[in-house]
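Visitor: Could you walk me through this one? I'm new to structures.

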Amino acid sequence: MRSHARPADDLIALLGPLLAAEAAAETSGSGAEPGDLEQAVWLRLLERLRRAGPPADPPLWLRR
């Protein structure tokens with residue numbers, strides 16, 4: 001276990017399972033790949049972290 005986890009690491013641990021479930025639900029039956037959607041969301045989160053810091057409510061941000 002890490003003693004000095006970075007905020008991004010905490011967000012990945014928090015949001016990983018939720019993102020996987022949301023991506024699977026969003027792409028079900030559409031022919032899109034859940035992994036592609038997950039990758040796009042992670043990129044958007046990293047861009048946001050650099051620009052404005054972490055969202056106040058990460059699960060809500062992810063669902064939007």
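Predicted model: local features only at pLDDT ≥ 70, side-chain atom pairs only at ≥ 80, totals over all residues.

Visitor: Which residues make up the largest nonpolar core?

Guide: A nonpolar core is a set of buried Ala, Val, Leu, Ile, Met, Phe, Trp, Tyr and Cys residues joined through side-chain atoms within 4.5 Å. Buried means under 20% relative accessible area (1.4 Å probe, protein chains only). The 7 residues here are Leu-11, Leu-15, Leu-18, Leu-19, Val-41, Leu-45 and Leu-62.

Visitor: Which element gives the largest share of this core?

Guide: Helices are DSSP runs (H or I, at least four residues), numbered from the N terminus. Both α1 and α2 give two or more residues to the core. The largest share, 4 residues, is from α1.

Visitor: Is Thr-27 buried or exposed?

Guide: Thr-27 sits in helix α1. Contact means heavy atoms within 4.5 Å, and beyond its neighbours within four places in sequence, Thr-27 is in contact with Ala-32, Glu-33, Pro-34 and Leu-37. Its relative accessible area is 9%, so Thr-27 is buried.

Visitor: What does the side chain of Thr-27 reach at 2.8 Å?

Guide: Look for a partner on the backbone. At 2.8 Å, the side chain of Thr-27 reaches the backbone oxygen of Ala-23.

Note on methods
Residues numbered from 1 in each chain as written. Heavy atoms only, no water. Buried < 20%, exposed > 50% of the residue type's maximum accessible area, 1.4 Å probe, protein only. Polar contact = N/O pair within 3.5 Å; in protein donor to acceptor, adjacent residues only side chain to side chain.
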